[in-house]
Amino acid sequence: MKVKMLSRNPDNYVRETKLDLQRVPRNYDPTLHPFEVPREYVRALNATKLERVFAKPFLASLDGHRDGVNCLAKHPKSLATVLSGACDGEVRIWNLTKRKCIRTIQAHEGFVRGICTRFCGTSFFTVGDDKTVKQWKMDGPGYGEEEEPLHTILGKTVYTGIDHHWKEAVFATCGQQVDIWDEQRTSPICSMTWGFDSISSVKFNPIETFLLGSCASDRNIVLYDMRQATPLKKVILDMRTNTICWNPMEAFIFTAANEDYNLYTFDMRALDTPVMVHMDHVSAVLDVDYSPTGKEFVSASFDKSIRIFPVDKSRSREVYHTKRMQHVICVKWTSDSKYIMCGSDEMNIRLWKANASEKLGVLTSREKAAKDYNQKLKEKFQHHPHIKRIARHRHLPKSIYSQIQEQRIMKEARRRKEVNRLKHSKPGSVSIVPEKKKHIVAVVK
Amino acid sequence: MSTVRAAESLLALSRQEELEDLPKDYPLSPSEDEGDIDGERKHQKLLEAISSLDGKNRWKLAERSEASLKVSEFNVTSEGSGEKLVLSDLLGPVKTSSSLAAVKKQLNRVRSKKTLELPLNNEEVERIHREVAFNKTSQALSKWEPIILKNRQAEQLVFPLEKEQSAFAPIEHVLSGWKARTPLEHEVFNILHKNKQPVTDPLLTPVEKASLKAMSLEEAKMRRAELQRARALQSYYEARARREKKIKSKKYHKVLKKEKAKKALKDFEKLQKVNPTAALEELEKIEKARMMERMSLKHQNSGKWAKAKAIMAKYDLEARQAMQEQLARNKELTQKLQAASDSEEEKGSVEEEGELLVPDTVNEIQRDADGPNPWMLRNPFSGPKEAKVQDAEQLLEPVAHEASESKEEERPGAKEDILLNTFEERRALRKKSGLSQDAEPLRKQESEDSSSQEVLSELRALSQKLNKANQQSGKQNMTSLRTVLPVQREEPTEAEEEPLLMQRPERAHTMEELEELGKEGCFQNKEVPRPVVEGQQLERNPHNLPGAPKEKKRKEQMIDLQNLLTTKSPSVKSLAVPTTVEELEDEEERHQKQMIKEAFAGDDVIRDFLKEKREAVEASKPKDVDLTLPGWGEWGGVGLKPSAKKRRRFLIKAPEGPPRKDKNLPNVIINEKRNVHAAAHQVRVLPYPFTHHQQFERTIQTPIGSTWNTQRAFQKLTTPRVVTKPGHIIKPIKAEDVGYRSSSRSDLSVVQRNPKQLSTRHKKQLKKNSVN
């Protein structure tokens, strides 16, 4: 007679090693886990609240400069190294991990207008108000040696900006015209000009490295091709553009920081309409820098705040300010896309987290899973009014807040006027100009 | 803008000139000359255009240089007035006179001279340069579009983008930098070197290499060919087998099976001759298989499949056949093996002897009881009926004899035996045809309606003498047969028996019954066309009665089938019984309702509900607005109402709202008011990426937490869009990363070439471009 016995496969319940997790059988029958939407909603609400609770973006302030910080540069190879140039001609190199200045150079007389590092990270270039371009070694001088630049180029005019090529020993300066320099020569290998106004900034495209973008004080943005030694196109905006920044992941996208409080993201192939107009600042935008992931950028404004914008959104997702931070002149997003640095008028460089509520340091796998889950929940329920309200809520200084209100009223008035004009004029005679087109004056071929 | 236009016209002109310069080598022709003149005119225009370039638009006064027939007072030249001066006219006389060769030459020289191309405005050139360069660059940039699109839509992007290749040094490289130090290592290395073991790649000893080379070309070829052939053959056989397997024809498979069986038999015979012991073993095997089959219920139509088929058998011919086949197989397997033909003869002789010795009936019974069933010995499809009928006849006659001369029987219990026999036979008959089953009850109830029963009755008529009861009933059958038609017509109530008849197919358990079913088609319908059938039957009976009943039955069946197609079945009255049952149920229900009514006599829930609903409907209806002001425009005061006209005028009728959701649901009230408390948590507007609210609701309704999802699914659902590694520098995307070839020349080298040369080279190209 056959006797049937209960038998279980030990593989189903015995751990292989002591370190393995115990197998917990789990029943996923939906009837046993009811109310999934309400429960997840509550979780999302909690996650959103916690995000706001833990949002402490400010990490450190690097002080030491004796004048306003005018320019910043990232080290291409080292995450911990940052270079800054001040309005008194002083250049400082900082160590972020120690939060200390490791080197101080009196580089120029007058402003340090621009600073950039070489792609290999062994040296850096500065331009100043004293009409010179100087190349410096990244490492300090040996004992007994004097602090001297590797090369100095004396120019005829003031240089207002500098940027280094991403792969080759070429750099570009701007001032009266855009000059392309070979590092080995004292005269530019090619000068490009279009119009006569001074150019405030020049930037190399990080992907298609022969492309340059510059912005001049006659309200235009000019694109250049280094290889063909010719400007390509010019777009004239309503107001002056202070600087531009190329998207490091999308070759033809760049963002311009404008004086009219807005930022404009352009597709360089179609300059007549910006891809997106980013507005939230209440004063001139002075600097912009892309996250290395190319998904977001940070902008520094004269309104004493910095804002983080997603590339495809017209409104900022984050605003950072502190009581003591004055007009922010320069901003940089670190190469690991985790931090943001900004240099401001009151001589300080501040270090912020790019993600305000992110926990720093190593996460355990469970923490990571929880973080991801919360993130997804927040994303899923982001349109629900309560969650939206909590997630969007930011405390702002009174000056900014009142300005926002004021500008809102002004904008509303303008809109109303436009609508009224449309309403009371002959149909077809007045057309509504979309926001994207409004700020473009002309595109010059 | 005017300058631009002028420049364009310039370009256009110059192009025309070029075009006209082409047929230079051809001799002069009038058309050519015209072209020349045209050219001159264009030249004139060109000059004008150039002069207009400086901005001042001067009107050049036309000068009169020669006499003309038509001179207008407005200083209009002869241009455009029908009389056109053509060079060919002038040259016509020149051609003829050779003395004017010098002039001709001069003229030719004049013709060949061209005006110099005016260099383009510097600004213009630059503009064209820029345009071309921009087009080129934007084209070059467009290659990034697919990648950017992909990255934007990517579910997850992991930064840094470039993969770090973990470099594994090959063993040889490691070995080359390593030296033997210890004595053991030295020894090992010595041995390795002695045996010429390779240390570096490829790791083959010289011997191995030699052996690799050893196989000659021819050998290798032969071997390859062989292998190829084998492979081809194999594939061929495989294909063939597959093809054969795919053949759906049952006949083909039957034939195949038969062939196989035949072959097996032949083989067996051969084996018998050659190797009797082996044959015996084979035989034993078969015998064993038979035993097993007898033991098992495998082919007894008792399995699940068979039962399912039995249900279907009623309607499905194939199912019936399948069942029959199974039974046939059972028989085949359980059949005792008949040895050689001589043994059969022996058996036959034995039987003959048995016939001599024992009465047939006994023999028959025995055979029916335990011997190999004569039914089974024959083909189940063709034989059994006739055989059975014949058997029955054979059986009946002697039985009848014996019954009549019962006293001559030696055995005392012979009569009982005979009786038994008859019963047995009857049972067999019943089994043979489902008809026989109803024969008995029908006979009992004295209702002879089945035509097949006539056959039985005839059979019985032959065996009347045996059983008195049977005899009587048989007689009745005979008599009733002739009167059936009128009886039927008079008493349709007889049909009430039909439900019982309908049950027959379910009782059909044995194979014979099924066979009958298969042959007759729908059996129960057979009774239906009764009148016609019986009418025919009556006509036929007189002739056929003495004859073979078998034949009659055949014909009858055929007719039945025809009738089945032509006649309609009368309505079945079997509903009578169920209706009574229903009535009973109704009554019960009524009773229950009554009870409930009594219990809740006081409160009228339904009316309350209806009232409530009416109120809800009223409340939800949009109200009319009455804007009448009493006393306005007419007398006012206590007791005075505004006039109907006025009221009508100022009554604003509310538009009818959308139909209520519960309009067509009488027992439901659906509250259409929004829940304010819930609304605070609800999304009011459909968010951007969604196009339909259902889409949005679906995303909300699918949970992503680990409470509702398996670990794997949870991980998949919560993957972050962007992943960055802490402490890693994310470099800008590179062409090499995404598989594009980056430009081989460096930007610097291009710039360092003479830019002027570059621009001159461009010039022509640019011009073309701009023209195009």
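Predicted model: local features only at pLDDT ≥ 70, side-chain atom pairs only at ≥ 80, totals over all residues.
Residues are numbered from 1 along each chain as its sequence is written, and chains are lettered from A in the order in which they are written. Local features need pLDDT of at least 70, side-chain atom pairs count only at pLDDT 80 or more, totals for chains, interfaces and linings use all residues, and side-chain values use heavy atoms, with hydrogens and water left out.

Q: What makes up chain A and chain B in terms of helices and strands?
A: Helices (H or I, at least four residues) and strands (E, at least two) are DSSP runs, numbered from the N terminus. By that rule chain A has five helices and 29 strands, while chain B has 35 helices and four strands.

Q: Why is Cys215(A) called buried?
A: Buried means under 20% relative accessible area, exposed over 50%, and partly exposed in between (1.4 Å probe, protein chains only). Cys215(A) has a relative accessible area of 0%, and is therefore buried. Cys330(A), at 3%, is buried as well. Over the chains, 52% of the 445 residues of chain A count as buried, and 24% of the 772 residues of chain B do.

Q: How many residues of chain B are in contact with chain A?
A: Contact means heavy atoms within 4.5 Å. On that basis 65 residues of chain B are in contact with 65 residues of chain A. Within the chains, among contacts between residues at least 6 apart in sequence, those joining residues at least 24 apart make up 49% in chain A and 65% in chain B.

Q: What area do chain B and chain A bury between them?
A: The size of an interface is often given as the accessible area lost when the parts come together. Buried area is the accessible area (1.4 Å probe) that two parts lose on being put together, summed over both. For chain B and chain A the value is about 5,800 Å², 64% of it on carbon and sulfur atoms.

Q: How many residue pairs are in polar contact across the interface of chain B and chain A?
A: A polar contact is a pair of N or O atoms within 3.5 Å; within protein, one must be able to donate a hydrogen and the other to accept it, and residues adjacent in sequence count only if both atoms are side-chain atoms. The rule finds 19 such residue pairs across this interface, both residues being at pLDDT 80 or more. Elements that give two or more residues to the side of chain B that touches chain A include α5 (122-142), α6 (145-153) and α35 (755-771) of chain B. α5(B) gives the most, with ten residues.

Q: What makes the pair of Arg152(B) and Glu250(A) a salt bridge?
A: A salt bridge is a side-chain nitrogen of Lys or Arg within 4 Å of a carboxyl oxygen of Asp or Glu. The N to O value for Arg152(B) and Glu250(A) is 2.8 Å, and the pair is a salt bridge. Across the interface of chain B and chain A the rule finds three salt bridges, and over all chains the count comes to 34. Arg152(B) lies in helix α6 of chain B and Glu250(A) in the loop between β18 (241-246) and β19 (253-258) of chain A, so the pair joins two chains.

Q: Is Arg152(B) buried or partly exposed?
A: Arg152(B) has 40% relative accessibility and so counts as partly exposed. Glu250(A), at 7%, counts as buried.

Q: Which residue forms a salt bridge with Glu145(B)?
A: The partner is Arg269(A), with the closest N and O atoms 2.9 Å apart. Glu145(B) lies in helix α6 of chain B and Arg269(A) in the loop between β20 (262-267) and β21 (276-279) of chain A, so this pair joins two chains. With a relative accessible area of 36%, Glu145(B) is partly exposed.
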